[in-house]
Every structure is written in structure tokens, then in C-alpha cells.
Amino acid sequence: LGELSILDDETRSATATAESDCLLLVIRQDSFRRILSKQFDVTENLLKILVRRIREHSTQSMQEQNED
């Protein structure tokens, strides 16, 4: 959680509740940015995920407009 806010410094837009015990990893923003600057494959995969989300949102918005 917080994958968007780690990029733009905004408040997290979602919350979650675990249904069982979990092991979580905290990645601080400065560490995350260092990873992005040094490992292009991580940056590329993140961009692909974000682009997919934008496309899905755009498609959903267009479908809702067509229903009106």
C-alpha cells in the first residue's frame, strides 16, 4: 500500500485490513527512488503497471459516458 503516495508525496488513497498474520516490507521514499534510479527494470515495470491502470480507468470512463 502506498505505491502512489511514494511517488507523489500525497496521502495514501487506500487502506487494507489483513485477514491473517502477514509479513510486511516498508520501503522509504528515498530508498525507493534510489532503486528506481539504479535499476531500470524496476522503473520499467512500475511504468507498465501505471500505464495499465490509466488505460483501464480511461476505458471505464468512456464506457460510463457511452451509457449516458
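1. Asp-9 sits in the loop between α1 (5-8) and α2. Helices here are DSSP runs of H or I with at least four residues, strands are runs of E with at least two, and both are numbered from the N terminus. Asp-9 is not a glycine, yet has a positive phi of about 65°. Most residues other than glycine have a negative phi. With a relative accessible area of 54%, Asp-9 is exposed; the classes are buried under 20%, exposed over 50% and partly exposed in between, using a 1.4 Å probe and protein chains only.

2. On the basis of the values: this is a predicted model, in which local features need pLDDT of at least 70, side-chain atom pairs count only at pLDDT 80 or more, and totals for chains, interfaces and linings use all residues. Residues are numbered from 1 along each chain as its sequence is written, and side-chain values use heavy atoms, with hydrogens and water left out.

3. The protein has three helices and zero strands, and the order of its elements from the N terminus is α-α-α. Its radius of gyration is 16 Å, whereas a compact globule of 68 residues would have one near 11 Å. That radius is taken over C-alpha atoms, and the globule rule is 2.2 Å times the number of residues to the power 0.38. Along the principal axes, the C-alpha atoms fill a box of roughly 45 × 35 × 20 Å.

4. Two C-alpha separations can be checked directly. Gln-63 and Phe-40 are 23 residues apart along the chain, and their C-alpha atoms are separated by 34 Å. Glu-44 and Ser-61, 17 residues apart in sequence, are 26 Å apart in space, C-alpha to C-alpha. Gln-63 is placed in helix α3 and is partly exposed, with a relative accessible area of 46%. Glu-44 also lies in helix α3 and counts as partly exposed at 33% relative accessibility.

5. The structure holds one salt bridge, defined as a side-chain nitrogen of Lys or Arg within 4 Å of a carboxyl oxygen of Asp or Glu. It joins the side chains of Glu-56 and Arg-52, at 3.7 Å from N to O. The two residues are four apart in helix α3 (residues 40-67), so about one helical turn separates Glu-56 and Arg-52. Glu-56 is partly exposed at 48% relative accessibility, and Arg-52 is partly exposed at 46%.

6. On surface and burial, buried residues make up 10% of the 68 residues. The accessible surface comes to about 6500 Å², and 51% of that belongs to carbon and sulfur atoms. Areas come from the Shrake-Rupley method with a 1.4 Å probe, and for residues only the protein chains shown count as cover.

7. Leu-25, Ile-27 and Ile-35 make a nonpolar surface patch of about 280 Å². Patches take residues with over 30% relative accessible area and no salt bridge, joining like charges within 9 Å and nonpolar side chains (Val, Leu, Ile, Met, Phe, Trp, Tyr) within 5 Å. Ile-35 belongs to helix α2 (residues 29-38) and, at 31% relative accessibility, counts as partly exposed.

8. On charge, the protein has 9 positive and 13 negative charges, whose mean positions are 10 Å apart. Lys and Arg count as positive, Asp and Glu as negative, and His and the chain ends are not counted. Each charge is placed at NZ of Lys, CZ of Arg, CG of Asp or CD of Glu.
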